[in-house]
Amino acid sequence: MYLVNRAHPLAEDLAPADLVPADGGRPGILLRREARDMLGQLLDAVDGRGAIVPVSGWRSRAEQQAIWDGALAEHGRAFTQTYVARPGCSEHQTGLAIDLGENRPEVDFLCPAFPDSGPCGALRRRAADFGFVLRYPAGKEAVTGIGHEPWHFRYVGLPHARIMEDRGLVLEEYLAWLRSFPAKAPLEGSGYALCYLPAGGEAVPPPGGRRKLEDTNDGGAVLTVWRDRP
Ligand SMILES: [Zn+2]
């Protein structure tokens, strides 16, 4: 649940141990294993393999620096600040972000075509069911600090993606909202409970079965507990 933006840079270069190649793209496009697997399921669900190709996945800080420098030189400052995150501030560095493009003879690396119709449109509409969110939607530029990027998807997992989509929240807004659910008063969903644990705070996690604790990179962690449905 890493929040990475201009205000929340990564403290260090991340090279997750479970980076694996994304299917269908050129070699060297890597994602963390769970995100790669769920992307494969999403592509299958919309019959998108071949029509939609991965364009950019995990990046090291040095790669992000090179992309930033290249965009500045080629496209200028206004474009670069709108569409390229500063080195250390790109969620591509987490291995949980993927740029996807419509498969055309020429796929633009920085701004791949991703129409709202056909397989691309279908993928956008099903993404949340597989744990992905459109990270930089139109109308949220002031919150995300990034221009509308119809091609950039972020894996946040379930149930988070579904909740964000249903409530129209981007990651900045979602994590801020989750802070209103401490361990003693978690958000109760269908088969799960969620709470926000501030760093260093005393917390008694809600009871349940399988659980996942995720650093948010904004000073706390999100705990998800799955419960058996009655
Ligand atoms: Zn991207």
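Which are the buried residues of helix H4 (residues 118–126)?

## Helix H4

In this predicted model, the buried residues of helix H4, which spans residues 118–126, are Cys-120, Leu-123 and Arg-124. Because they cover an arc of only 100° around the axis, these residues are on the same side of H4.

## Domains and the nonpolar core

The domain assignment divides the protein chain into domain 1 (19–167) and domain 2 (182–226), and the C-alpha centres of domain 1 and domain 2 are 27 Å apart.

The largest nonpolar core contains 54 residues, and those with the most contacts inside it are Leu-39, Leu-42, Leu-100, Ala-127, Phe-132 and Val-133. At least three residues of this core come from each of the two domains, domain 1 (19–167) and domain 2 (182–226). For Ala-127, once its neighbours within four places in sequence are left aside, the residues in contact are Leu-42, Phe-132, Val-133, Leu-134 and Phe-153.

## The hairpin of S9 and S10

Strand S9 (residues 211–215) pairs with strand S10 (residues 220–226) in the antiparallel sense, over 5 bridges; Lys-212 has Thr-224 in S10 as its bridge partner. Between the strands of this hairpin there are 4 residues, and Asn-217 takes a positive phi near 65° in the hairpin.

Notes:
Residues numbered from 1 in each chain as written. Predicted model: local features only at pLDDT ≥ 70, side-chain atom pairs only at ≥ 80, totals over all residues. Buried ≥ 20, exposed ≤ 12 C-beta atoms within 10 Å, placed from the backbone. Helix = DSSP H or I, 4+ residues; strand = E, 2+ residues; numbered from the N terminus. Arc of directions from axis to C-beta. Pairing = 2+ DSSP bridges. Core = buried A, V, L, I, M, F, W, Y, C linked by C-beta atoms within 7 Å. Domains from an automatic or database assignment. Contact = placed C-beta atoms within 7 Å.
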